[in-house]
Amino acid sequence: MVQYELQSGLVEGGDHPASGTRGVSGCRTLLRLHRALHWLQLFLGGVSRDEGTPPTLCSLAYSQSLLQHHDEVIRSAADQAFRMLPPRDPFLRMLNVGEPPQAVEVLEGAVPVLREVYTITEELYSKHDLLNLP
């Protein structure tokens, strides 16, 4: 997809010199998902390691990943949403994989996979100067 969109001039903006029509592209959509995956990996990693409450961990992960890409309205809405998260054990039960110890096991298996997918996409986008698409 990246190669096709770059060769076809479908990617515009950021640090990439390709010209084309500004709008929706697979590269731009995947970049947004990539950023969200980073947030999810950071958040769930913190929850699995019991490094704080879900609202605090969610806010911290957001500040390390998505915050820089959002305007003040989105930041404020995200902050309000994070405050509504339940404590750790009820949150883990909401994952619907059993009691908290089983949910932690699932997260401990999932977080490294999330990190691996994030790293692969990060390297691809970095190689093609696509990390700063609008």
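**Exercise 1.** Leaving aside its neighbours within four places in sequence, with which residues is Leu92 in contact?

*Solution.* The structure is a predicted model, in which local features need pLDDT of at least 70 and side-chain atom pairs count only at pLDDT 80 or more, while totals for chains, interfaces and linings use all residues. Residues are numbered from 1 along each chain as its sequence is written, and side-chain values use heavy atoms, with hydrogens and water left out. Contact means heavy atoms within 4.5 Å. With those neighbours set aside, Leu92 is in contact with Val47, Gly98, Pro100, Ala103, Val104 and Leu107.

**Exercise 2.** Describe the largest nonpolar core and say which elements give residues to it.

*Solution.* A nonpolar core is a set of buried Ala, Val, Leu, Ile, Met, Phe, Trp, Tyr and Cys residues joined through side-chain atoms within 4.5 Å, where buried means under 20% relative accessible area, exposed over 50% and partly exposed in between, with a 1.4 Å probe and protein chains only. The largest such core has 19 residues, and those with the most contacts inside it are Phe43, Leu44, Val47 and Leu92. Two or more residues come from each of helix 2 (26-48), helix 3 (54-65), helix 4 (72-83), helix 5 (88-94) and helix 6 (100-127); helices are DSSP runs of H or I with at least four residues, numbered from the N terminus. Helix 6 gives the most, with six residues. Apart from this core lies another, of eight residues, among them Val2, Val11, Cys27 and Tyr125.

**Exercise 3.** How are helix 3 and helix 4 arranged, and which residues make their contact?

*Solution.* The axes, which are lines fitted to C-alpha atoms over the stretch in contact, with angles from 0 to 180 degrees between N-to-C directions, come within 8 Å and cross at roughly 155°. Helix 3 and helix 4 are therefore roughly antiparallel to each other, a term for angles over 145 degrees. From helix 3, the contact is made by Pro55, Cys58, Ser59 and Tyr62, and from helix 4 by Ile74, Arg75, Ala78, Phe82 and Arg83.

**Exercise 4.** Where do Asn96 and Asp129 lie, and are they exposed or partly exposed?

*Solution.* Asn96 is found in the loop between helix 5 and helix 6, has a positive phi near 60° although it is a residue other than glycine, and counts as exposed at 67% relative accessibility. Asp129 lies in the segment after helix 6; Asp129 is not a glycine either, yet has a positive phi of about 55°, and with a relative accessible area of 41% Asp129 is partly exposed.

Note on methods:
Parallel < 35°, antiparallel > 145°, perpendicular 65-115°, else oblique.
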